Amino acid sequence: MLSLHSARKRARKSSAEPRIGLAVAGGGPIGGMYELGALRAMDEALDGFDLTRLDCYVGVSSGAFLAAALANRMGTEEMCRIFITGDSNDVQFRPETFLRPAIFEYLRRASSLPRLATQWWREALFSPGDARWSDLVASFGGLVPTGLFDNAAIEHFLREVFTRRGRSNDFRKLAAPLFVVAVDLDSGDAVRFGAQGWDDVPISTAVQASAALPGLYPPVELRGRHFVDGALRRTMHASVVLERGIDLMIGINPLVPFNSQRTPGSDVARHLASGGLPAVLSQTFRTLLQSRMQVGLARYRQQYPDIDQLVFEPNAEDGELFFTNAFSFSARRRICEIAYRNTMADLHRRADVLAPLLAAHGIRIRTDVVADENRSILDGLARPARDTDTTARLKRALDDVERIVESRRQPPR
């Protein structure tokens with residue numbers, strides 16, 4: 001499903017290069033895989049469009065890793081090798097890294113049990129009128145861990161990825177601005193890592209904080225403050241790139257409410273309440289996120305009427321996406337494929353409207369690619385190059401030189 005806002009009046013001069021920004025929302029591991037599939041489809045279907053050479057990026061939660069990887073010039077082909085085919089010569093992905101129990105968090109919380117028990121029994125014995133079950137629940141609530149899984153291993157994984165082959169774990173050393181959004185748990189304020197005052201935080205730590213979904217991962221402590229998932233404030237934080245004077249904003253949101261009325265199938269598919277609490281909570285969470293995003297997009301159209309805005313989302317009737325465990329890695333290839341096909345279909349179906357809009361920014365839709373209904377996300381993956389760290393750095397440097405030479409050869413537009 002594609003939401004489109006065409007600029008009322010494009011402010012860019014014809015001689016200037018188009019400025020493009022990318023906003024990638026969160027959605028857990030499955031949401032991240034959906035976004036990867038959508039990005040891969042755009043990479044293949046759009047000519048004159050380089051996801052690793054955009055003018056600014058913002059990422060939230062699982063989308064923060066994708067935005068950070070692209071800003072570090074790690075392309076969608078390599079990310080597909082890492083997460084789908086597993087034949088990357090660069091990074092080895094192990095799902096268990098993201099699902100390690102937070103043992104130290106459990107132990108830290110449990111260590112306060114004797115003190116709390118002693119305190120409560122003292123009150124129960126000497127002040128029985130003041131001891132209530134509600135007080136018991138409140139007192140012992142501090143024993144519940146703030147997260148099931150340990151995200152320290154995630155930060156370590158990201159740090160390794162962003163410090164190899166010429167990439168950087170430093171916001172200030174990237175070629176284009178990158179922003180990773182998290183929420184300060186104690187104030188509820190959104191913090192933009194990568195912005196002034198927060199650009200010295202390592203990218204890996206910023207992504208770890210932005211993806212710290214409460215209940216799943218513990219908050220990340222930085223400078224005496226605790227940070228959690230950036231989606232708590234806004235779904236996509238597209239305003240972060242819109243306010244930077246871009247000409248085209250492309251956004252991806254992987255979570256939409258499921259419309260069971262359009263989907264034939266079992267009672268669970270038709271009546272979500274039959275699926276119990278997990279189905280009800282999932283639908284509630286998705287509805288809240290998308291409704292909040294729709295309000296934001298409507299506001300952005302008013303605030304930034306001269307910026308073209310495209311937002312890609314799943315189809316509301318896609319039951320497979322809804323009923324797939326949001327924290328499962330086993331379905332990542334299938335989810336990527338669904339996103340890839342959905343995005344290709346959107347580009348093909350809306351080509352008559354999209355073609356002139358994208359052409360204004362030097363981008364052309366490859367009609368032969370988007371019209372191929374049998375095309376798979378694996379078809380465009382070439383055999384992996386046998387690069388070493390040294391040769392990868394050399395290729396990166398030569399690519400920079402070639403790009404500079406080409407830009408000087410091109411006549412003014």
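Me: Is Phe 65 buried or exposed?

Reply: Buried means under 20% relative accessible area, exposed over 50%, and partly exposed in between, with a 1.4 Å probe and protein chains only. Phe 65, at 10% relative accessibility, counts as buried, and Phe 83, at 6%, counts as buried. The model is predicted: local features need pLDDT of at least 70, side-chain atom pairs count only at pLDDT 80 or more, and totals for chains, interfaces and linings use all residues. Residues are numbered from 1 along each chain as its sequence is written, and side-chain values use heavy atoms, with hydrogens and water left out.

Me: How many aromatic pairs does a search of the whole structure find?

Reply: Rings of Phe, Tyr and Trp (its six-membered ring) pair if their centres lie within 6.5 Å; planes under 30 degrees apart count as stacked, over 60 as edge-to-face and the rest as tilted. The search finds 9 aromatic pairs. One of them, Phe 65 with Phe 83, is edge-to-face, at 5.7 Å centre to centre and 85 degrees between the planes.

Me: Which parts does the pair of Phe 65 and Phe 83 tie together?

Reply: Helices (H or I, at least four residues) and strands (E, at least two) are DSSP runs, numbered from the N terminus. Phe 65 lies in helix H2 (residues 62-71) and Phe 83 in helix H3 (residues 76-85), so the pair joins parts 18 residues apart in sequence.

Me: Which residues do ring pairs link into a cluster?

Reply: The cluster consists of Phe 65, Phe 83, Phe 93, Phe 157 and Phe 162.
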